[in-house]
Amino acid sequence: MKQLESIKDLKDIQISNERLMHSATHDEIINGHTTDVYFLRTLDILEELNLADCEVVAEIFPRKHGMLAGVNEVINLLKGRNLEIWAVDEGETFEPKDTIMRIKGKYKDFAIFETTLLGMMASASGWATASSIIKEACGDKFFLCFGARHVHPAVAPVMERAAIIGGAGGVSCILAAKLGGIQPSGTVPHSAMLVAGDTVKVAETYDKISDPSHNRIVLVDTFKDEVEEAIRVAKALNGNLYGVRLDTPSERGGVTPGLVKELRAKLDLEGFNQVKIFVSGGLTPEKIKILIEAGADSFGVGSFISAASPIDMTMDLKMIAGKAVAKRGRIPGLVNNPKLKKITE
């Protein structure tokens with residue numbers, strides 16, 4: 001597959017009738033097929049003016065506070081293109097207008113990737129930032145991200161990897177976990193209970209087939225009162241139950257502080273003090289803080305992270321042929337950030 005260099009190259013892009021997915025492949029991204037077309041027009045104009053080889057320095061900045069992610073993908077995108085790159089580390093925080101990346105080289109060597117690299121960092125940073133907000137609300141409590149079902153599968157691993165950078169202790173998406181250097185987390189969904197017809201039957205089988213080191217957490221809101229079901233499961237697993245999960249639907253009022261308090265008290269009364277309470281279902285930082293006070297031990301968060309808005313990123317050319325420049329309203333020349341590190345020569 002040829003890298004796009006001119007408007008004339010568009011004729012070579014053909015969409016096969018046998019193409020199964022609408023998402024871009026790695027090759028399509030690397031070869032510029034996801035860029036905005038006006039960058040190809042720009043290159044054609046600069047080639048005509050004999051300016052495409054001009055050395056420039058570009059800087060990228062965000063529009064609001066957040067946590068940075070997506071840098072590794074950008075570095076891989078630009079690898080081998082004879083560019084000097086400085087960047088802030090993933091997981092670092094930034095403020096509006098901070099320089100988070102600087103690129104030096106011939107403009108033609110990275111012009112078509114502006115759209116792509118901005119999108120990589122904008123989306124990933126939005127997800128990492130949302131995850132960091134959840135982490136702050138959780139304090140020392142564990143939380144798991146399982147928002148993959150809310151986004152296109154092509155970007156689900158990107159989203160949940162960003163959640164790990166933001167502070168998630170685990171993720172359920174298999175590829176995301178592997179990319180993040182951890183094992184995927186998750187137990188058993190409601191469908192298992194619905195097919196089997198009984199929570200205890202599923203719990204006993206789950207216990208039987210699982211590795212001894214695996215933490216057994218069982219949903220207890222499928223058929224019966226959550227407290228009653230939790231105690232039934234705890235008795236059936238006879239010491240092997242690590243925790244119970246509350247995921248009471250909004251149609252039944254959701255998971256309330258009162259329910260968590262009652263469950264904790266009655267588990268303790270039955271001698272199941274070691275059984276943890278895991279809560280999921282439409283959680284926000286505010287709800288998490290309240291549920292921690294009620295006795296919840298850990299959390300599963302989906303939509304708060306997956307639905308986070310991208311953090312708008314802007315790339316400006318700040319130096320051209322050694323001369324400081326800027327569009328109207330911006331300050332000419334480089335804007336230093338002590339967090340910037342030289343990535344590549």
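**Entry 1: helix H8**

I started on the face of H8 turned away from its buried side and found the exposed residues Lys 208 and Ile 209 there. For exposure I used relative accessible area with a 1.4 Å probe and protein chains only: buried is under 20%, exposed is over 50%, and partly exposed is in between. Helices (H or I, at least four residues) and strands (E, at least two) are DSSP runs, numbered from the N terminus.

A note to myself on the source: this is a predicted model, where local features need pLDDT of at least 70 and side-chain atom pairs count only at pLDDT 80 or more, while totals for chains, interfaces and linings use all residues. Residues are numbered from 1 along each chain as its sequence is written, and side-chain values use heavy atoms, with hydrogens and water left out.

Which residues of H8 (residues 199-209) are buried? I listed Thr 199, Val 200, Val 202, Ala 203, Tyr 206 and Asp 207. They sit on the same side of H8 because they cover an arc of only 160° around the axis; the arc is that of the directions from the helix axis to the C-beta atoms. The buried residues of H8 pack against helix H7 (190-196), S8 and helix H9 (226-237), where contact means heavy atoms within 4.5 Å.

**Entry 2**

Two strands pair if DSSP finds at least two bridges between them. Strand S9 (residues 241-246) runs parallel to strand S10 (residues 276-280), and 4 bridges join them. Arg 245 is placed opposite Phe 278 in S10.

**Entry 3: the antiparallel sheet**

I then looked up the other open sheet, where 6 strands follow the order S13-S12-S1-S5-S3-S14 with antiparallel pairing. Its edge strands are S13 (323-324) and S14 (341-344). S1 (residues 55-62) and S5 (residues 101-106) share 6 bridges in the antiparallel sense, and Ile 60 faces Met 101 of S5 as its opposite residue. Helix H3 (residues 71-78) packs on the sheet by touching strand S3 (84-87), S5 and S14, with its direction at about 5° to that of S5. H4 lies across S1, S5 and strand S12 (313-320), running at about 135° to S12.

**Entry 4: cores**

A nonpolar core is a set of buried Ala, Val, Leu, Ile, Met, Phe, Trp, Tyr and Cys residues joined through side-chain atoms within 4.5 Å. The largest one has 57 residues, and Val 260, Leu 267, Val 279, Phe 299 and Ile 305 touch the most other members. Helix H4 (residues 114-138) gives this core its largest share, 7 residues. Apart from it I found another core, of 38 residues, including Ala 58, Ile 75, Trp 86 and Phe 113.

**Entry 5: cysteines**

How many disulfides are there? I counted 0, taking a disulfide as a pair of cysteine sulfur atoms within 2.5 Å.

Notes:
Axes are lines fitted to C-alpha atoms, for helices over the stretch in contact, and angles run from 0 to 180 degrees between N-to-C directions.
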